Amino acid sequence: MAWNQKVLRVDLSNGSCVNEALNMRWAKKYLGQRGLGSKYLSEEIDPTVDPLSADNKLIFVTGPLTGTCASTSARYSVVTKGPLTGAIACSNSGGQMGAELRMAGWDMVIFEGRSAQPVYLVIRDDKAELHNADGFIWGKTVWETESAIRAKHGDSQMRVAAIGAPGERGVLFSCIVNDQHRAAGRSGVGAVMGSKNLKAVAVRGTGCVEVNDPDQFMQATNAAKAVLAEHPVTGQGLPAYGTQVLMNVINQSGALPTRNARDVQFEGAENISAEAMVEKRATDNKPNLVRNAACFSCTIACGRISQIDRSHFTVKERPEYWKASGGLEYENAWSLGAANGVDDLEAITFINFLCNEHGLDPITLGATLSAAMELYDVGAISDKDCGGIKLKFGDARALVQMAEMTISGEGFGKEIGQGSKRLCEKYGHADLSMTVKGLEFPAYDPRGVQGMGLTYATSNRGACHVRSYTVGSEIMGVPVKTDPHVTEGKAELVMAVQDATGAFDSAGVCIFTSFGWTLEDLAAQVDAACSGEWTVDKLVEVGERIWNLERKFNLAAGLTGKDDTLPKRILKEAARTGPAKGMTCRLDEMLPEYYALRGWTKDGVPTTKTLNRLKL
C-alpha cells in the first residue's frame with residue numbers, strides 16, 4: 001500500500017481519460033514523484049522532442065507519502081521536457097493539490113497530445129472529465145481561474161492548479177500555480193501546459209491514503225515530527241522567518257549575487273530581509289508580514305502571508321492588491337530585489353503577487369530583468385528598445401513596469417519572456433546570462449559557496465539549489481560544517497546530497513525536512529507506509545538511479561559534459577567584497593572528481609558498469 005496504484009492517462013487530442021494500473025515494478029525502483037515521473041517520461045517520449053509540441057508529455061505525479069500524516073506530505077511534481085532548457089524538467093509544489101490528488105485515488109496524471117481548443121480537467125474521486133475552457137477561463141489569471149472553477153462546479157474545497165495568460169502565450173518560464181501561491185515554479189512547465197491548450201486541473205478527493213502498517217507509520221511519523229520541532233532550523237528559524245531568514249546571512253557571507261552577479265553583497269539587503277518584513281512601516285504602522293502559513297500536513301510552516309502598504313505606488317490605485325496573499329520567500333526577494341539592486345520591499349512584494357497571480361517563475365523573471373538592466377547599462381539596449389523605460393539598476397518603478405510588460409506580452413516584455421539566455425544572445429552579450437543549461441541560477445553566488453558551483457553545473461534541470469543544497473553544510477553547518485571557500489571534499493558532498501534529495505523528492509515530502517531529518521528518519525516512514533523493505537541503502541540507491549536516469553535523458557536530448565559549466569563571470573571575475581573577496585569558483589578542481597565518483601567517463605557519460613549496477 002501507500003501507492004494508490006492508479007494512473008490517469010488523459011489524451012488531450014481525442015478527449016479521453018483512461019484509468020491505468022501503476023507500474024509497480026518501476027515504483028519499487030524509483031519510489032514515486034520525481035523518480036517515478038521521470039521514469040515514465042523517459043519511457044514514453046523521444047528525448048529530442050520539441051518541448052512545446054504535441055509529442056511532449058506533461059505528468060502530474062505524487063509520492064507514496066503524499067497525502068499521509070507524515071510531516072510536509074503535501075508535495076507533488078510536474079515532470080516534462082522543459083522549454084527553457086531542453087533538458088528534463090521536474091518542478092515541485094506544495095499547498096493542498098498533491099494531497100487532494102491522492103485522496104481522489106490517483107498517483108499520477110499523464111497528459112499527452114494537444115487539445116484542439118482550450119480545456120481544463122476536473123477530477124472527482126475516480127471520475128475525470130475534460131471541460132471547455134474557451135470563453136470561460138482561457139485568458140484569465142490563476143486567481144480568477146480558481147474562483148471561477150469552484151463557483152461553476154459548486155465546490156469551494158476543490159483544489160485547482162492553473163496557468164495564467166503568460167503560460168497560454170508560451171512565456172518560457174511560466175509556472176503552474178495551485179492554492180493561490182504555491183507553484184511548480186521552474187523550468188517552464190506552465191508553457192508546456194499552455195502548449196497543450198490545458199488551462200487548469202481541478203481535483204476533489206473524498207478518500208484517504210492507506211499505509212502498509214498504520215501503527216508503525218504513526219510511531220515513525222510522530223518521532224520524525226519531534227525531530228523537526230526540536231531542530232533550530234525547522235522548529236524555530238523557518239516558522240518565524242521563513243526562508244527569508246537567509247537574506248542577511250548569505251549577504252554577510254559574501255555570496256548574494258547582486259546586480260546580475262557583478263557583486264556578491266548588496267548594500268540594501270537589510271531592507272528586503274525577513275527582519276524588515278516584520279518591522280512596522282512608518283506609513284501605516286503595519287508590517288509587511290501578516291503571518292506564516294503551512295502546506296498540507298506541514299509542521300514547519302515556512303510560508304509567508306504578506307500585505308502591501310496601501311499607499312505604495314504599486315497598489316495605491318489598485319485595491320484588488322490590498323489583500324493579504326503569498327509573500328516573499330528568500331529566492332524571490334533576492335531575484336526581484338538584490339539581483340536588480342532594488343531594496344523597495346513593497347515593490348518586490350507586489351511583483352511577487354503578480355507572479356502568483358499570472359503564473360511566472362520569479363527567479364527567472366528577476367534574473368532576466370537583471371540581465372536586461374546590465375544590457376541597458378553597457379549600451380546593448382536603449383530606452384527605445386525598452387519602450388521608453390530607463391532600465392537602470394536600483395529603479396523599482398522600472399522593475400515593476402517591465403514585469404507588467406512581461407505579463408502582458410507587450411513591447412520589450414516579449415523579449416524578457418524568453419529568459420535571459422535567449423535575451424543576452426540576441427543582443428550580443430551571451431556572457432551576461434547567469435544560467436546553466438539555460439536555467440537562471442538562484443540566490444547563492446558560487447564564488448562564495450564553492451559547492452553550489454558544482455551543484456549548479458551538474459544539476460540535471462539546469463542551475464538549481466534544491467537538487468543539492470550544499471549551503472546547508474557550507475553556510476549553516478547542517479548536518480556538519482564545511483568550509484565554503486575550499487573545493488576539497490565538495491564533489492563527494494554534492495553527490496551525496498543529490499542522491500539523498502532524489503529520495504526525499506520521490507517520497508512526497510518537502511526537502512526542508514532534510515535540515516532536521518537524516519535518511520534514517522525518512523526510511524522509517526517509507527518502510528512503514530509502503531510494501532517491501534525500504535532501508536537507507538535502498539533510498540540512496542534510488543536517489544542515485546534517478547540522477548543517472550535524468551542524466552541519460554539529457555544526453556539523449558543532446559546535452560553533453562560541456563554543458564556542465566558556469567557563466568564566465570563566475571569562473572573568471574573574482575568577488576570584489578566580503579569573505580570571498582578575490583575568489584572565483586574553481587569548478588575545474590571539482591568536476592573531474594565528481595565524474596569519477598559518479599562512475600562516469602571524463603566526458604560526463606555514465607559508464608556501462610554504472611548503468612548495469614543501477615539496473616539502467
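Guide: Start with the word domain: the bounds used here come from an automatic or database domain assignment. The model itself is predicted. On that assignment the chain is divided into domain 1 (6-204), domain 2 (267-433) and domain 3 (444-613).

Visitor: What makes domain 2 and domain 3 a pair in contact?

Guide: Contact means heavy atoms within 4.5 Å. Nine residues from domain 2 and seven residues from domain 3 take part. The C-alpha centres of domain 2 and domain 3 lie 29 Å apart.

Visitor: How do you know where the second largest pocket lies relative to the domains?

Guide: Look at the lining. Domain 2 (267-433) and domain 3 (444-613) both give residues to it, so the second largest pocket lies between them. Its volume is about 350 Å³. The lining has 19 residues, and K421, T435, V436, K437 and G438 lie nearest the centre.

Visitor: Which element gives the most to that lining?

Guide: Helix 16, with three residues. Helix 16 (420-426) and strand 16 (435-436) each supply at least two.

Visitor: What is the make-up of the pocket lining by class?

Guide: Six residues are nonpolar, five polar and eight charged.

Visitor: Why is the next kind of space called a cavity and not a pocket?

Guide: A cavity is a set of points where a 1.4 Å probe fits but cannot get out, whereas a pocket is open. The structure holds two cavities of 30 Å³ or more.

Visitor: What lines the largest cavity?

Guide: P257, N260, A261, W334, A339, A367, S370, M434 and F441. By class, seven are nonpolar, two polar and none charged.

Visitor: And what lines the second largest cavity?

Guide: K437, N460, R551, N554, L555, L559, T560 and D564. That lining has two nonpolar, three polar and three charged residues.

Visitor: How do you know that the span of helix 14 agrees with its number of residues?

Guide: Helix 14 (residues 396-408) has 13 residues, so at 1.5 Å a residue it should span 18 Å. The end C-alpha atoms are 19 Å apart, which agrees.

Visitor: Which residues of helix 14 are called buried?

Guide: Buried means under 20% relative accessible area. In helix 14 the buried residues are A396, A398, L399, V400, M402, A403, M405, T406 and I407. Their cover includes helix 5 (165-169), helix 11 (330-336), helix 12 (345-358), helix 13 (362-377) and helix 15 (413-416).

Key: Residues are numbered from 1 along each chain as its sequence is written. This is a predicted model: local features need pLDDT of at least 70, side-chain atom pairs count only at pLDDT 80 or more; totals for chains, interfaces and linings use all residues. Side-chain values use heavy atoms; hydrogens and water are left out. On a 1 Å grid over the protein atoms alone, a cavity is a set of points where a 1.4 Å probe fits but cannot get out, and a pocket is an open set with protein on both sides within 12 Å along at least five of seven lines; lining residues have an atom within 4 Å of a point. Grid points are joined across faces, edges and corners, and a volume is the space filled by probe spheres set on the points. Helices (H or I, at least four residues) and strands (E, at least two) are DSSP runs, numbered from the N terminus. Ala, Val, Leu, Ile, Met, Phe, Trp, Tyr, Cys and Pro count as nonpolar, Asp, Glu, Lys and Arg as charged, and the others, Gly among them, as polar. The expected span of a helix is 1.5 Å times one less than its number of residues. Buried means under 20% relative accessible area, exposed over 50%, partly exposed in between (1.4 Å probe, protein chains only).
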